[in-house]
Amino acid sequence: MVDGVYEPLLRICRYINCPEGYLGLVIDDLRQLGVDELISDGGVEFMGVKLLGKGQNSFVFKCRINNEYYACKVRRPDSPRPSLINEGRYLRLANSVGVGPRLIGYMGNAIVMELINGSSLQHYAEHADPNELRGAVRDLLWHCRRLDAIGLAHNELNRPQEHIMISQGRVYIIDFESASMNSRASNVSQLLNALIMSKGSFQGRVRSMLGIHVRPEQIRASIREYKVVRSDDAFLKILELLGLK
Ligand SMILES: Nc1ncnc2c1ncn2[C@@H]1O[C@H](COP(=O)(O)OP(=O)(O)OP(=O)(O)O)[C@@H](O)[C@H]1O
Ligand SMILES: [Mg+2]
C-alpha cells in the first residue's frame, strides 16, 4: 500500500524518528476519516513541511477529502495526551451551540475539521480597526456565554491569543483538548480576565481599542455577579459596561 498521499507526515516522522507503530495508527485513522491527502501548506514550517499550526500535542495539516480542504489535527508521537477522543467530543458539543470550527470527524489520533483561513486574535488585534475588534470581542463573548449555558468549560481561554482565530470577521474558539463539563467554571469570566482585566500590552491595546470608560472595579463586580447567577441578564450587564451591547 502506498502512503505517499500522507507524505508530509511521513517526512516529519523520518526527521523526528517517530516510535514504531505510531505511523500505522495515525494512517489507519486518517483512512477511516476519509482523508485523501495531507498537504504541505500553511504559515508554520517544520522539518521542511508547511503546517497550519503546531502545538505541544499536535501537528495541524491542511488536508483534502474529495475536492474539499480541511484542517487535520494529528496527535504528535510525543504528546502527553494519549488520544484526541475527548477533544473531538467536546468540539462536537461546542458545535451544537455554534462554537468552534465545524467538526467533520475524529479518531484517537486525528481530528478533521473546518479549515479556518484566518489569523490569531493577537494578529487580528494588531491590524483590525476598533469597530471590527469590538464586533469580534462581542461575538467572542457570546460564544463564551453559549458554552457557559451548556456547562462546557474550555479551560484554556486564559491564553486567548492562541486559542481564538478570526476569519472574515467570524470568530472561532479552537483547541478543546483541555475542556471539561463544569457548570461552575465560566468561559465568559476566564476570557474577560485574560483579554481585558489583566496587565499586558496586548490587553492594554484591546482596552483602548474598545474604548472602555468605566472603572475596572465596576467591570470586576459585574463579572463576579455573572459568575454567581450565570444568567443572560447578568451577561448583558457586562456587555453594557464594556459598551458592547
Ligand atoms: N481548524 C483550523 N484551521 C486552521 N488552523 C488551525 C485549525 N486548528 C488549529 N489550527 C492552527 O494550529 C495551531 C495549533 O492548534 P491547537 O492549539 O489545536 O494545537 P495543540 O497541539 O493543542 O496546541 P497547544 O500545545 O498550544 O495546546 C493553532 O494555533 C492554529 O494556528
Ligand atoms: Mg492544545
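Predicted model: local features only at pLDDT ≥ 70, side-chain atom pairs only at ≥ 80, totals over all residues.

Trainee: What share of the residues of the protein counts as buried?
Mentor: Of the 245 residues, 36% count as buried. As for contacts with a separation of 6 or more, 64% of them are between residues 24 or more positions apart.

Trainee: What describes two packed helices?
Mentor: Two packed helices are described by the angle between their axes and the distance between the axes. Take helix H7 (residues 187–197) and helix H9 (residues 216–229): their axes come within 10 Å and cross at roughly 165 degrees. An angle over 145 degrees counts as roughly antiparallel, and H7 and H9 are therefore roughly antiparallel to each other. The crossing of H7 past H9 is left-handed.

Trainee: Which residues of H7 and H9 meet?
Mentor: H7 contributes Val188, Ser189, Leu192 and Met197, and H9 contributes Pro216, Ile219, Arg220, Ile223, Tyr226 and Lys227. In this contact of H7 with H9, seven residues are nonpolar, one is polar and two are charged.

Trainee: At what angle do H5 and H7 pack?
Mentor: H5 and H7 pack at about 145 degrees, and their axes are 7 Å apart. On the H5 side the contact is made by Leu140, Leu141, Cys144, Arg145, Leu147 and Asp148, and on the H7 side by Asn187, Val188 and Leu191. The residues of the contact of H5 with H7 divide into six nonpolar, one polar and two charged.

Trainee: Which residues of H7 are buried?
Mentor: They are Asn187, Val188, Gln190, Leu191, Leu192, Leu195 and Ile196. The buried residues of H7 pack against several elements, including helix H5 (130–149), helix H8 (201–210), H9 and helix H10 (232–241). Strand S10 (152–153) and helix H6 (160–163) are also among their partners.

Trainee: Is Lys199 buried or exposed?
Mentor: The count of neighbours decides, and 12 or fewer means exposed. Lys199 has 6 other C-beta atoms within 10 Å, so Lys199 is exposed. This residue lies in the loop between H7 and H8. Its C-alpha is 44 Å from that of Glu37, and the two residues are 162 apart in sequence.

Trainee: Where is Lys245?
Mentor: Lys245 is in the segment after H10. With 10 other C-beta atoms within 10 Å, Lys245 is exposed. Lys245 and Arg138 are 107 residues apart in sequence, yet 7.9 Å apart from C-alpha to C-alpha. Leaving aside neighbours within four places in sequence, Lys245 is in contact with Leu236, Leu239 and Glu240.

Trainee: What is phi of Met47?
Mentor: Phi of Met47 is near 55 degrees, a positive value in a residue other than glycine. Met47 is in the loop between strand S2 (44–46) and strand S3 (49–51), and is partly exposed, with 13 other C-beta atoms within 10 Å. Asn155, not a glycine, also has a positive phi, of about 75 degrees. Asn155 sits in the loop between S10 and H6 and, with 17 C-beta neighbours inside 10 Å, counts as partly exposed.

Note on methods
Residues numbered from 1 in each chain as written. Chains lettered and ligands numbered in written order. Axes fitted to C-alpha atoms, helices over the stretch in contact; angles between N-to-C directions. Helix = DSSP H or I, 4+ residues; strand = E, 2+ residues; numbered from the N terminus. Parallel < 35°, antiparallel > 145°, perpendicular 65-115°, else oblique. Left-handed = near helix turned anticlockwise from the far one by under 90°. Contact = placed C-beta atoms within 7 Å. Nonpolar A, V, L, I, M, F, W, Y, C, P; charged D, E, K, R; others polar. Buried ≥ 20, exposed ≤ 12 C-beta atoms within 10 Å, placed from the backbone.
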